[in-house]
Amino acid sequence: MVFLGLHPAVTSRLAGVLGFTFAYQTAFALYSVPNKTEKFYDLAGSTGFITSTLLSLYYPTVKSWVTKSPTIPFTLSGHHPRQLLVSAMMLIWAGRLGYYLFGRIAKHGSDSRFDDLKTKPAIFSGMWFGQALWITLVGLPAYLVNSVPAAAHPALGIKDFIGLGIWLAGLGFEVLADSEKSQWRKEKDEKKHEEKFISSGLWSLSRHPNYLGEVILQNGPPLLAFTTPLPPTVKYLCFVSPIFSYFLLRYASGVPPLEESAEKRFGDDAAWKKYRDETSMFVPLPFGLGKGKI
């Protein structure tokens, strides 16, 4: 079967990975939906990225196990540096995300986002399907790079290193923003300040710099896919990853609920109004353009 001009073997490998992605989330949903629990939602999301990435990298080995064919060993030597690089990028990002999100729910015992949703089986099931779609679209560049045989890959080039640079810059931006907020909270707990919200460091440039870093880093992996021998249409399709991440964070599950919560808590506070009106919501722009809105 040929899909979007992909070689049948690549199509088969990609289909196997994506089928596993949805099956993995379904397995967690089958337990979580009837038990009305969200405790494993974030864990399933981060480990979903990790397992799907590893499966895309070692698909022939796993398939040999399942079909009881001569076993193909787990090795790094059989992969192209590009495949190892894009897989490492995905694993580091997903590992950090999972550590942060699962640690948060382990600490608080629940996630307020699901208080109402988990009591509605159809909607809660849809959220698990949505998470599988998220893993599919964001992880697509890595799955495609890993699905092309190592021998068919050209040597690493400038686009690969630009992609790596963008990923590192975005990750660094996100890590620094999270670190600043953690330090701010620590100092607040220690009564070193009485600020109601953070507005220093990267948070003086954007009201959501951690999410901005997330969107920036997701532009890296598609550039590695661009130097992989794939049909042009498929290469451009890889940029659905950062586009989807942007719309998800900016207009759905990221910025809107936080902005709504902040308005409820600080809406009448003069300092908040000043910060809200003078600081970009998401993307910092020069000359005061889009202050408070973009």
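Q: Why is Ser-87 called buried?
A: Buried means under 20% relative accessible area, exposed means over 50%, and partly exposed lies in between, with a 1.4 Å probe and protein chains only. Ser-87 has a relative accessible area of 3%, so it is buried. The model is predicted: local features need pLDDT of at least 70, side-chain atom pairs count only at pLDDT 80 or more, and totals for chains, interfaces and linings use all residues. Residues are numbered from 1 along each chain as its sequence is written, and side-chain values use heavy atoms, with hydrogens and water left out.

Q: Where does Ser-87 lie, and which residues does it touch?
A: Ser-87 lies in helix 4, residues 81-108. Helices are DSSP runs of H or I with at least four residues, strands are runs of E with at least two, and both are numbered from the N terminus. Contact means heavy atoms within 4.5 Å. Not counting residues up to four places away in sequence, Ser-87 touches Thr-53, Leu-57 and Asn-146.

Q: What makes the pair Ser-87 and Asn-146 a polar contact?
A: A polar contact is a pair of N or O atoms within 3.5 Å; within protein, one must be able to donate a hydrogen and the other to accept it, and residues adjacent in sequence count only if both atoms are side-chain atoms. The side chains of Ser-87 and Asn-146 are joined by such a contact at 3.0 Å.

Q: Why are helix 6 and helix 7 called roughly antiparallel?
A: Helix 6 (residues 158-189) and helix 7 (residues 209-217) pack at about 165°, with axes 7 Å apart. Axes are lines fitted to C-alpha atoms, for helices over the stretch in contact, and angles run from 0 to 180 degrees between N-to-C directions. Angles under 35 degrees count as roughly parallel, over 145 as roughly antiparallel, 65 to 115 as roughly perpendicular, and the rest as oblique. The two helices are therefore roughly antiparallel.

Q: Which handedness does the crossing of helix 6 and helix 7 have, left-handed or right-handed?
A: A crossing is left-handed if the near helix is turned anticlockwise from the far one by less than a right angle, and right-handed if clockwise. The crossing of helix 6 and helix 7 is left-handed. Helix 6 contributes Ile-166, Trp-167, Gly-170, Leu-171, Phe-173, Glu-174, Ala-177 and Asp-178 to the contact, and helix 7 contributes Pro-209, Asn-210, Leu-212, Gly-213, Glu-214, Ile-216 and Leu-217.

Q: How do the residues of this contact between helix 6 and helix 7 divide?
A: They comprise nine nonpolar, three polar and three charged residues. Here Ala, Val, Leu, Ile, Met, Phe, Trp, Tyr, Cys and Pro count as nonpolar, Asp, Glu, Lys and Arg as charged, and the others, Gly among them, as polar.

Q: What makes Leu-212 count as buried?
A: Leu-212, found in helix 7, has 9% relative accessibility and therefore counts as buried. Leaving aside neighbours within four places in sequence, Leu-212 is in contact with Phe-173, Phe-282, Val-283 and Pro-284.

Q: Why are helix 5 and helix 10 called oblique?
A: Helix 5 (residues 121-147) and helix 10 (residues 240-251) pack at an angle of about 140°, with their axes 7 Å apart. They are therefore oblique to each other. The contact involves Trp-134, Leu-137, Val-138, Leu-140 and Pro-141 of helix 5, together with Val-240, Ser-241, Phe-244, Ser-245 and Leu-248 of helix 10. Eight of these residues are nonpolar, two are polar and none is charged.

Q: Why does Lys-36 count as partly exposed?
A: Lys-36 has 47% relative accessibility, so it counts as partly exposed. Lys-36 is found in the loop between helix 1 (8-35) and helix 2 (41-57), and has a positive phi of about 50° although it is not a glycine.

Q: How do you know that Tyr-41 is buried?
A: The relative accessible area of Tyr-41 is 9%, so it is buried. Tyr-41 is in helix 2 and touches Phe-114, Met-127, Trp-128 and Gln-131, not counting residues up to four places away in sequence.
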